[in-house]
Amino acid sequence: MNNRLKEIDILRAIAFIFVIEQHTMGGGYFRLDNISINYYRVFLIIFTIVKPAVPCFLFISMLVLCNRYLTDIDIKTYYSKRIECVFIPYVVWSTIYMMLDKKYLSLNEFVMCIFTGDSYFHMCYMGMFIRISLYFLFFLILARFIVYASFYYDIFKKKVFNVGLSQFCKCKAFTKQ
């Protein structure tokens, strides 16, 4: 069964275009000396419109993970996939970026850069995603517990309240003689 959400693909394409626009405009953001104020305003409006790209990708990632793991939670598979497909490539590329940037750090500083996403300016998204991925299953399990608990509470409340109220109303003190 294919649980793919077509709307998410559209949102992903829009977010992708926003990221391209941010990277295209980002290089020129500080080189705006020789343009008119009107072009500058247009530039700022477009740059502001495309800013939600990273939150959009975070939303998409969490929505897809919820869709995948809502009914079938396998903790081992979830974390092994995150380590293999996200964490290891992130650490490798962060190390490469830090070496290219001549950012030689102690082991403690290196670990902090990895977990905070400070290895390179555009890696903060990955650091944030890794931290969210660590907590994701906890919050998903908690949300499932709350939903199921409230569902069963509603059933319990209706059964007990309705039965109790009907028994109470059948009492001779409340019926006409």
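Modeller: A residue counts as buried under 20% relative accessible area, as exposed over 50%, and as partly exposed in between. The model discussed here is predicted.

Biologist: Does F138 count as buried or exposed?

Modeller: The cut-off for exposed is over 50% relative accessible area. F138 has 54% relative accessibility, so F138 counts as exposed.

Biologist: And which class does I146 fall into?

Modeller: I146 lies in helix 6, which covers residues 124–169. Values between 20% and 50% belong to the middle class. The relative accessible area of I146 is 48%, so I146 is partly exposed.

Biologist: What is the accessible area of the nonpolar surface patch that includes F138 and I146?

Modeller: The patch consists of L134, Y135, F138, F139, L142, F145 and I146. Their accessible area together is about 780 Å².

Biologist: Why are F43 and F47 separated by about one helical turn, and in which helix?

Modeller: F43 and F47 are both buried. They are separated by about one helical turn because they stand 4 residues apart in helix 2 (residues 37–49).

Biologist: Over the ring of which residue does the charged end of R68 sit?

Modeller: Ring pairs link Y69, Y78, Y79 and F136 into a cluster. The charged end of R68 is 4.6 Å from the centre of the ring it sits over, that of Y69.

Technical notes: Residues numbered from 1 in each chain as written. Predicted model: local features only at pLDDT ≥ 70, side-chain atom pairs only at ≥ 80, totals over all residues. Heavy atoms only, no water. Helix = DSSP H or I, 4+ residues; strand = E, 2+ residues; numbered from the N terminus. Buried < 20%, exposed > 50% of the residue type's maximum accessible area, 1.4 Å probe, protein only. Phe/Tyr/Trp six-rings, centres within 6.5 Å; stacked < 30°, edge-to-face > 60°. Lys NZ or Arg CZ within 6 Å of the ring centre and 35° of its normal. Patch = residues over 30% accessible without salt bridge, like charges linked within 9 Å, V, L, I, M, F, W, Y side chains within 5 Å. Areas by Shrake-Rupley, 256 points an atom, 1.4 Å probe, with all protein chains shown as cover. Salt bridge = Lys/Arg side-chain N within 4 Å of Asp/Glu carboxyl O.
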